[in-house]
Amino acid sequence: MADPMRIRAQSKDGVAKVRVLMSHEMESGQRKDSSGKLIPAWHIMEVTAKLNDKPVFSAEWGPAVSKNPFLQFDVKGAKPGDKLTIEWVDNKGEKRTDTATVS
Amino acid sequence: MQTRREALQTTAAVATAIASVGLLPQAAHAAFDKAAFSAKSVADAVKAMGGSAMTESADVKIVGPDIAENGAVVPMAVSTTAAGAKKLLLLIEKNPSALVASFNVTADVVPNFATRAKMGQSSDVYAVAIMADGKALFAKKEVKVTLGGCGG
């Protein structure tokens with residue numbers, strides 16, 4: 001199971017700046033191993049976020065996003081104390097969900 | 001009185017009509033567009049994402065370093081001030097597949113997204129806003145890379 005995501009969500013004037021650091025290899029599928037075989041692509045495909053259970057953000061990622069992906073976005077209508085849930089799904093079907101409180 | 005068959009056919013026809021207008025909720029994983037992420041060129045990826053001819057626009061911004069010391073981790077941000085954008089795409093022209101990420105623009109987020117991407121070599125980096133009418137507005141910036149980020 002991947003390491004937990006580090007999520008920071010700070011609200012100011014009704015908008016929360018969200019910064020997430022995820023733990024994932026994000027293998028591009030371009031690298032070769034020592035025997036010369038291509039290491040298959042393994043990457044987060046979809047990222048979604050919910051503010052208090054309401055979907056507010058979604059994105060699709062390809063293998064070019066860097067290892068241990070960083071993501072920053074701004075959510076409107078967020079107040080301190082709101083719950084922010086981030087979920088990712090990768091191309092092997094693995095997923096990870098983490099929650100943080102908006103400060 | 002309608003037979004069950006007729007009722008089902010009507011439902012299917014109505015569902016198709018609604019789906020073609022785009023109102024049916026999508027299945028969660030139908031969202032990952034394999035064709036777009038395998039497209040080699042910027043133009044093909046934009047087309048696969050529903051964009052028509054690309055037009056440069058001051059309403060779209062791509063933010064990135066002039067020189068990236070480490071091609072494995074290049075910070076980039078895409079944003080737009082144009083109203084009616086549906087998606088914001090991040091593309092790296094000279095990568096094996098141009099499309100890096102596609103962010104859905106909803107009423108709940110500011111259309112400004114940042115991440116870090118791998119660049120194989122110095123290249124133009126694009127931010128493309130796909131508008132509701134299919135227009136693709138873009139901005140691009142050259143990012144020089146001193147050490148390529150695709151391994152090998």
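**View 1. The contact between chain B and chain A.** In this view 30 residues of chain B are in contact with 26 residues of chain A, two residues being in contact if their C-beta atoms, placed from the backbone, lie within 7 Å. On the side of chain B that touches chain A, the elements that give two or more residues are strand S6 (99-104) and strand S7 (112-117) of chain B, where strands (E, at least two residues) are DSSP runs numbered from the N terminus. By class, this side of chain B has 17 nonpolar, nine polar and four charged residues; Ala, Val, Leu, Ile, Met, Phe, Trp, Tyr, Cys and Pro count as nonpolar, Asp, Glu, Lys and Arg as charged, and the others, Gly among them, as polar. This is a predicted model, in which local features need pLDDT of at least 70 and side-chain atom pairs count only at pLDDT 80 or more, while totals for chains, interfaces and linings use all residues. Residues are numbered from 1 along each chain as its sequence is written, and chains are lettered from A and ligands numbered from 1 in the order in which they are written.

View 2. Six strands form an open sheet in the order S1(A)-S2(A)-S5(A)-S7(B)-S4(B)-S2(B), with antiparallel pairing; two strands pair if DSSP finds at least two bridges between them. Strand S1 (6-12) of chain A and strand S2 (60-63) of chain B stand at the edges, each with a single partner strand, so one side of each is left without a neighbour in the sheet.

**View 3. Bridges within the sheet.** Strand S5 (residues 70-76) of chain A is joined to S7(B) by two bridges, and these strands run antiparallel; A:Gln72 has B:Ala114 as its bridge partner in S7(B). Within chain A, S1(A) pairs with strand S2 (residues 15-21) in the antiparallel sense over seven bridges, and the partner of A:Ala9 in S2(A) is A:Val18.

**View 4. The largest nonpolar core.** This core has 69 residues, and those with the most contacts inside it are B:Leu91, B:Ala127 and B:Val128; a nonpolar core is a set of buried Ala, Val, Leu, Ile, Met, Phe, Trp, Tyr and Cys residues joined through C-beta atoms within 7 Å, and a residue is buried if 20 or more other C-beta atoms lie within 10 Å of its own. Strand S8 (residues 123-131) of chain B gives the largest share of the core, seven residues. Not counting residues up to four places away in sequence, B:Leu91 touches several residues, among them B:Val42, B:Ala98 and B:Tyr126.

Definitions and conventions: A residue is buried if 20 or more other C-beta atoms lie within 10 Å of its own, exposed if 12 or fewer, and partly exposed in between; C-beta atoms are placed from the backbone. Helices (H or I, at least four residues) and strands (E, at least two) are DSSP runs, numbered from the N terminus.
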